[in-house]
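Dear colleague,

Please find the structure below, handed over for your use. My notes on what was found in it follow directly after.

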Amino acid sequence: MEKKDILDAGCSMPDARRSRKSRIENQESRIEEVPYGSNCVRLSAREWLIIGIVFSALLYFGPTLWEHIERFEPGPDYRLPYDLSSDYWLHNRYCRWACSPSPSEGRGSRYETLVIGDSVVWGHFVSKDNTLSHHLNKNAGHNQFANLGVDGIHPAALAGLLKYYGRDIKGANVILHFNPLWMSSKKHDLQIDKEFHFNHPKLVPQFIPKIPCYKDSYSRRLSAVVERYVTFLSWTSHLKITYFDSMDLPAWTLEHPYGNPLKAVTLQLPTFEDDGQNERISWKEKGIAKQDFQWVELETSLQWNFFQQSIKMLKARGNTVFVLVGPFNEHLLKGKSIDTYRRMKSEIEAWLRQNNVPYYMPEALPSNLYVDASHPLSEGYAMLAKQLYENESFRSSILCSE
Amino acid sequence: MLFHTWPFVLFFLIVYPTYLAVKGTRLRLPWLLAASYFFYACFNPLYLILIAYSTLLDYTVVAIMEKGRRRKMWLSISIVNNLALLSFFKYGGFVTENLNVLLSSLGIPYAIPAPGIFLPVGLSFYIFQSMSYTIDYYRGNIERERSLIRYATFVSLFPRLLMGPIERARNLLPQLHKRPGISKQDITDGLSLFIVGFFKKVALADYLALYVDKVYNAPGQYQSPALMLATFLFCWQIYFDFSGYTDMARGVARMMGFRLMLNFNNPYLATGLGDFWSRWHISLSSWFKDYVYIPLGGNRKGTFNTYKNMFLTMVISGLWHGAAWTFVIWGAMHALGRFVTRELERTSFYKERVPKLVKQLLVFIFVTFTWIFFRAESISDAWIIITRIFSSGLANPYCPLLALTLIFSVWLYQFAYESRVKWLLELRPVRIGIVVLMVLYLAFFAPSSEQPFIYLQF
């Protein structure tokens with residue numbers, strides 16, 4: 001290795017006497033003189049092929065093998081833990097599990113009916129044994145309804161979740177919940193132009209159709225798109241979310257500088273049994289004031305548009321889709337917003353009827369059974385489940401199709 | 001659109017197959033130029049005006065010089081124009097700030113408004129490359145490039161546009177002249193270079209940045225061990241960041257049939273400061289040697305003038321890195337380091353008795369110390385860091401062991417590479433094993449954030 005000071009090496013002016021021609025003739029040979037690098041990592045085509053095979057095997061078999069290593073046995077009333085809401089790989093695994101044949105009971109699938117929606121279905125203010133699916137199961141007398149709700153998901157993200165991570169939901173009964181709260185303002189409807197952080201941005205359309213308030217970098221958007229199609233990437237996200245507190249390894253080691261990252265991978269999925277606060281206080285007792293929501297028009301609503309896409313997608317996959325709208329806390333509305341809401345409700349109803357989608361659009365529950373604008377207390381869920389069981393459309397589309 | 005992001009993958013997936021298809025036709029250079037300009041416009045379409053201006057100016061100046069009239073004047077026009085461009089965008093804020101300090105100290109109640117201009121990415125690199133062409137032509141080292149498209153491609157070639165290497169016309173222009181015969185080896189070599197660079201940037205530099213940024217953003221809150229470790233980590237962060245970029249640039253270029261110069265050659269194994277600068281940012285160091293140090297007189301006019309020239313070259317080099325006094329001090333410190341090691345290397349005791357490892361460690365410690373000025377936000381921050389390193393307590397630094405393990409693994413590899421056991425690293429299972437480990441690490445543990453390259457700001 002040469003150890004010359006670069007300023008000492010060849011420090012005289014270029015030899016003016018040397019002919020220009022000879023200098024230029026030397027140019028071709030200089031190209032070959034460029035050293036390769038400063039390490040020995042230089043593989044041949046055959047060696048790259050070996051790397052390609054190893055990596056392809058990992059890409060293809062890694063996530064599948066992992067399912068055999070990491071145990072996933074959801075019990076009755078299981079719901080994805082709140083902290084794992086963004087773990088779409090696990091959601092996909094849960095969908096497949098719920099739709100797979102039950103080894104012991106010999107039925108077609110573990111759960112005949114999947115209840116899909118946002119935090120209202122998930123049961124944000126109630127424990128897992130007070131959710132809508134729990135009360136429906138109670139009415140059915142057996143575990144027929146699986147809680148596939150995802151806390152914080154909105155129709156635009158739900159459409160993405162079903163499209164890319166819910167491909168295994170085929171030929172099932174689906175109760176698809178629509179929460180009108182997502183149309184209660186232009187901001188909820190993602191229509192405003194000003195950028196703001198909303199839930200599950202990885203699931204919304206990254207480029208087309210354009211969501212005005214979504215202005216993430218092209219790089220991150222492309223990354224989100226790639227993750228949807230490369231299971232390996234959503235699986236590594238699962239590892240980060242589940243075992244590294246939703247951080248990547250570098251960030252995790254900053255929090256645990258002397259920790260062994262391998263020890264963090266316990267192979268035990270967190271259960272979060274205490275998820276859900278089992279709230280007992282109604283919105284009035286909490287002191288929430290009446291609101292004058294600025295509802296968006298159904299025709300122009302992005303969220304409603306995405307909800308329609310979800311219905312069509314599920315139906316196209318051979319599912320029986322039953323739509324549950326609300327029940328929204330109408331007691332909380334004031335002024336013109338009540339009338340606007342009712343008009344919107346009737347427009348939704350008209351669309352569902354026109355498209356032959358069975359639905360139930362219940363009247364608002366008693367005021368004291370709401371925690372806020374859309375989440376019922378556990379008694380509210382029980383009442384809603386009972387109402388559903390008494391609903392003719394529900395009985396004929398969901399219960400009779402078993 | 002940086003090499004380690006998805007948009008670049010998409011860009012390259014479109015550009016590369018098309019390039020392979022047209023490489024034997026007349027469309028090769030227009031396609032390369034269009035791709036390079038598109039690549040640059042992705043940062044800001046207005047930047048195209050600057051690069052087109054600089055390109056046209058130097059192309060025209062050399063065309064006029066060829067006619068043999070007032071060659072020196074035209075060279076001066078080119079140099080002044082290029083430096084004016086660089087000064088306006090890079091040093092406008094720095095000059096204004098210092099003038100305002102001067103005005104204030106003179107009691108003049110007037111402040112010159114700050115220009116509020118952002119430095120266009122890559123400006124310092126392509127301006128230097130373009131200047132080298134005109135100077136080399138003036139000196140008679142190269143022929144005039146007659147094709148404007150070829151010359152524009154030489155200035156803007158996208159793999160090296162943002163952060164170099166600062167190529168010389170005598171190396172790159174001939175490669176643009178001949179039709180590239182891209183061999184299988186070129187593609188696999190390119191991939192090998194790229195994967196190493198990608199690992200350096202994403203797995204190492206961006207990782208180390210997390211700790212370095214935390215400590216350097218609030219140096220007053222940390223004690224000696226944390227400050228020392230953050231400085232040590234920054235020393236490696238900047239190396240991994242910049243050499244990672246260069247490796248990726250060389251890899252991409254190699255896949256396209258171009259051989260860009262080696263820019264980093266295990267600099268932290270240097271045994272002297274001069275040796276360090278022949279291993280660190282080689283394209284810039286040799287640029288300063290050829291176009292600043294030698295024209296100043298080089299080492300031809302006695303010891304005093306040699307050191308004076310060295311000092312000036314290093315200070316200018318410091319200022320090239322950034323418009324702040326911290327960079328000037330950094331350059332000056334390196335100049336002093338060079339004086340000392342140059343003199344030491346002339347003594348037989350240092351040359352023959354001092355073990356190589358001791359020399360390497362001394363140089364490493366010195367270089368690491370100077371990085372404090374390079375990284376600190378201001379001179380006062382640098383001073384806080386230095387004083388706290390030597391005077392504060394010994395609180396637990398909470399520095400990730402994994403980061404240190406990775407650094408020492410790389411260091412060990414480099415020592416082995418330059419030792420008698422290099423053959424061990426050349427064994428097929430070792431080479432494949434290293435790439436598998438890098439790919440696995442990247443696949444599972446790469447940070448999700450995409451940090452820009454440090455040298456983009458220069």
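Chain A comprises 15 helices and five strands. Please bear in mind that this is a predicted model. Of the 402 residues in chain A, 54% count as buried. Among the contacts in chain A with a separation of 6 or more, 74% are between residues 24 or more positions apart.

The interface of chain A and chain B

On the side of chain A, 58 residues are in contact with 86 residues of chain B. The size of an interface is often given as the accessible area lost when the parts come together. Here the area buried between chain A and chain B is about 6700 Å², and carbon and sulfur atoms give 64% of that area. Between the two chains there are 15 residue pairs in polar contact, counting pairs with both residues at pLDDT 80 or more.

Several helices of chain A contribute to the side that touches chain B: α1 (20–33), α2 (45–69), α7 (218–229), α8 (231–243) and α9 (249–255) each supply at least two residues. The largest share, eight residues, comes from α1(A). By class, this side of chain A has 33 nonpolar, eleven polar and 14 charged residues.

Three salt bridges are found across the interface of chain A and chain B. In one salt bridge, the side chains of A:Glu47 and B:Arg431 meet with an N to O distance of 2.8 Å.

Salt bridges within the chains

Over all chains, a search of the whole structure finds 31 salt bridges. In one of them, the side chains of A:Arg342 and A:Glu330 meet at 3.2 Å, N to O. A:Arg342 lies in helix α13 of chain A and A:Glu330 in the loop between β4 and α13, so the pair ties together parts that are twelve residues apart in sequence. A:Arg342 is partly exposed, at a relative accessible area of 47%, whereas A:Glu330 is buried, at 10%.

Helix α13 of chain A also holds the pair A:Arg343 and A:Glu347; these residues are four apart and therefore separated by about one helical turn. The closest N and O atoms of their salt bridge are 3.3 Å apart. Both partners count as partly exposed, A:Arg343 at 38% relative accessibility and A:Glu347 at 29%.

In chain B, B:Arg375 forms a salt bridge with B:Glu377, with the closest N and O atoms 3.4 Å apart. B:Arg375 counts as buried at 13% relative accessibility, while B:Glu377 is exposed at 56%.

Backbone features worth checking

Most residues other than glycine have a negative phi, and most peptide bonds are trans. Which residues of chain A are joined by a cis peptide bond? One such bond joins A:Ile208 and A:Pro209, with omega about -10°; A:Pro209 is placed in the loop between β3 (173–178) and α7. Another joins A:Gly326 and A:Pro327, with omega about 5°.

A:Gly326 is found in the loop between β4 (320–325) and α13 (336–354), and A:Pro327 is found in that loop as well. A:Gly326 is buried, with a relative accessible area of 5%. Leaving aside neighbours within four places in sequence, A:Gly326 is in contact with A:His177, A:Phe178 and A:Pro180. The C-alpha atoms of A:Gly326 and A:His375 are separated by 9.2 Å, although the two are 49 residues apart along the chain.

Two residues other than glycine have a positive phi: A:Ser246, at about 65°, and B:Asn266, near 45°. A:Ser246 lies in the loop between α8 and α9 of chain A and counts as partly exposed at 48% relative accessibility. B:Asn266 is found in the loop between α10 (224–255) and α11 (273–277) of chain B and is buried, with a relative accessible area of 1%.

Two further sites

A:His91 lies in helix α3 (residues 88–99) of chain A and is buried, with a relative accessible area of 4%. Not counting residues up to four places away in sequence, A:His91 touches A:Leu80, A:Leu148, A:Val150, A:Leu161 and A:Tyr165.

In chain B, helix α14 (residues 325–344) has 20 residues, which at 1.5 Å a residue should span 28 Å; the end C-alpha atoms are 29 Å apart, which agrees. α14(B) is mostly covered, with 14 of its 20 residues buried.

With kind regards

Definitions and conventions: Residues are numbered from 1 along each chain as its sequence is written. Chains are lettered from A and ligands numbered from 1 in the order in which they are written. This is a predicted model: local features need pLDDT of at least 70, side-chain atom pairs count only at pLDDT 80 or more; totals for chains, interfaces and linings use all residues. Side-chain values use heavy atoms; hydrogens and water are left out. Buried means under 20% relative accessible area, exposed over 50%, partly exposed in between (1.4 Å probe, protein chains only). Contact means heavy atoms within 4.5 Å. Buried area is the accessible area (1.4 Å probe) that two parts lose on being put together, summed over both. A salt bridge is a side-chain nitrogen of Lys or Arg within 4 Å of a carboxyl oxygen of Asp or Glu. A polar contact is a pair of N or O atoms within 3.5 Å; within protein, one must be able to donate a hydrogen and the other to accept it, and residues adjacent in sequence count only if both atoms are side-chain atoms. Ala, Val, Leu, Ile, Met, Phe, Trp, Tyr, Cys and Pro count as nonpolar, Asp, Glu, Lys and Arg as charged, and the others, Gly among them, as polar. The expected span of a helix is 1.5 Å times one less than its number of residues.
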